[in-house]
Amino acid sequence: MTEPKLNLVGGQWVAGDATPNINPSDTSDIVGHYARATADQARDAIAAAKAAFPAWSRTTPLERHAILRRASDEILARKEELGRLLSREEGKTLAEGIGETVRAAQIFDYFAGECLRPEGELLPSVRPGVGVEITREAVGVVGIITPWNFPIAIPAWKIAPALCHGNTIVFKPADLVPGCAWALVDILHRAGLPDGVLNLVMGRGSVVGKAIVESPDVAALTFTGSQPTGAALAVQSAHLMRKAQMEMGGKNPFVVLADANLDVAADCVINGAFFSTGQRCTASSRIIVEEAIHDQFVAKLADQMSTLRVGHALSEDTQIGPVVDENQLAQNETYIEIGKSEGARLVGGGYRVERDTKGFFQMPALFADCTNDMRIAREEIFGPVASVIPVRDYDTALAVANDTEFGLSAGIATTSLKYATHFKRNAEAGMVMVNLPTAGVDFHVPFGGRKASSYGPREQGRYAAEFFTTVKTAYTAA
């Protein structure tokens with residue numbers, strides 16, 4: 001066994017029980033061994049972050065810029081290596097793994113620039129002889145809990161703004177994908193972060209996450225994961241009077257109108273529903289199609305699905321990699337059986353496939369003849385499973401699109417400026433796509449949803465400051 005990768009607490013690499021990181025494309029391939037932290041180590045990490053906060057929060061913008069820029073440069077220089085690591089541990093295709101790594105580098109580059117663009121205002125008071133200064137200051141210790149589906153991009157878009165604005169961090173990545181998290185923290189540590197500013201505690205949410213969430217010394221908590229967990233963490237954060245940012249689930253609609261370019265629409269659906277093995281909170285899982293083109297469009301989707309190549313994430317011809325693990329694959333299969341029992345018609349896919357290596361391979365599944373009250377149309381499956389729902393007209397399509405507890409992303413395929421404009425204004429989602437897949441967002445603009453999909457300020461871009469800083473108003477008499 002190779003030497004295990006350790007946790008970082010107060011600038012020191014500390015040991016723990018080592019567990020293997022399994023490649024979902026080839027379960028005989030051990031990506032590495034990673035130490036699981038204890039609850040006491042997590043508490044030590046919080047104490048170290050708290051101790052480091054006063055000095056780090058008062059560093060100059062140029063100091064923070066230099067560290068984030070060095071990290072960005074190294075991530076980009078190692079994009080092939082880190083992208084391969086990502087694909088091995090999560091199952092994304094190599095192209096997707098490298099693409100996500102490049103995005104992480106871009107995020108650090110962006111927030112390196114933001115370090116040099118601090119915002120503030122000088123205003124006259126309504127009282128004579130008094131000046132008003134409005135500034136933003138760091139919040140304190142930030143707890144960061146990230147999911148397995150974007151092992152380097154989501155940690156990047158939480159860690160980079162936290163450091164940019166002068167916060168210290170206790171970071172717990174998903175237990176399934178410690179490799180990219182460890183590599184990212186190692187890069188930042190060597191880029192010059194002072195001891196205690198960034199702490200890595202890998203391991204179980206029930207142990208490490210619990211210690212972070214329960215600590216009154218954690219001033220802000222940012223989480224991406226399931227809706228039930230996020231809702232519970234938001235309640236607990238409210239009890240402790242801490243800032244909370246929860247990015248949770250999605251059951252994202254993609255509307256196809258009769259006037260749409262069906263080739264464009266089909267490409268949007270295939271990409272949004274099935275790429276990254278459907279393991280994206282922004283994936284298109286409800287395909288809402290006008291009846292006039294329903295049969296034609298379902299046939300087109302079925303034809304394109306039949307050519308999709310599912311296989312080992314590192315194979316050059318693979319378009320869709322494996323499901324992340326056996327538990328997720330079993331959940332996907334359960335929902336496929338639920339769809340059949342509810343009366344939906346399985347057009348194709350949904351079955352396990354064997355490849356040269358033992359892995360968690362599944363053909364994408366498409367259901368037709370669905371209604372919006374079916375479980376497969378209401379509950380987040382988080383796999384390559386999409387449901388086609390026929391509707392009478394645009395007004396019905398919009399109503400069905402909005403008839404969900406979630407509100408992360410929504411898309412529409414249409415050549416009508418009238419309908420595109422109306423949909424952008426009336427879709428109850430945080431992000432709206434016109435003739436584009438529901439999955440796929442830029443790093444310099446706000447990310448987040450409505451209803452049960454998100455809670456708290458938006459992530460990414462300049463809007464990240466709303467969560468990672470607090471506003472101070474100071475008065476000065478002349």
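Me: Is strand 16 largely enclosed by the rest of the structure or exposed, and why?
Reply: Strand 16 (residues 385–391) is largely enclosed, because six of its seven residues are buried. Buried means under 20% relative accessible area, with a 1.4 Å probe and protein chains only. Strands here are DSSP runs of E with at least two residues, and helices are runs of H or I with at least four, numbered from the N terminus.

Me: What kind of model is this?
Reply: This is a predicted model, in which local features need pLDDT of at least 70 and side-chain atom pairs count only at pLDDT 80 or more, while totals for chains, interfaces and linings use all residues. Residues are numbered from 1 along each chain as its sequence is written, and side-chain values use heavy atoms, with hydrogens and water left out.

Me: Back to strand 16. In which sense does strand 13 pair with strand 16?
Reply: Strand 13 (residues 284–290) pairs with strand 16 in the parallel sense, over five bridges. Two strands pair if DSSP finds at least two bridges between them. Ile287 stands opposite Val388 in strand 16.

Me: And how many bridges join strand 15 to strand 16?
Reply: Three bridges join these strands, which run parallel. Phe367 stands opposite Ser387 in strand 16.

Me: Where does Asn372 lie?
Reply: Asn372 is in the loop between strand 15 (365–368) and helix 12 (375–378). Its relative accessibility is 9%, so Asn372 counts as buried.

Me: Which side chain makes a polar contact with the side chain of Asn372?
Reply: That of Arg286, at 3.0 Å. A polar contact is a pair of N or O atoms within 3.5 Å; within protein, one must be able to donate a hydrogen and the other to accept it, and residues adjacent in sequence count only if both atoms are side-chain atoms. The side chain of Asn372 also reaches the backbone oxygen of Asp403 at 3.0 Å.

Me: How many bridges join strand 5 to strand 6?
Reply: Five bridges join strand 5 to strand 6 (residues 130–138). Glu121 stands opposite Ile134 in strand 6.

Key. Buried means under 20% relative accessible area, exposed over 50%, partly exposed in between (1.4 Å probe, protein chains only).
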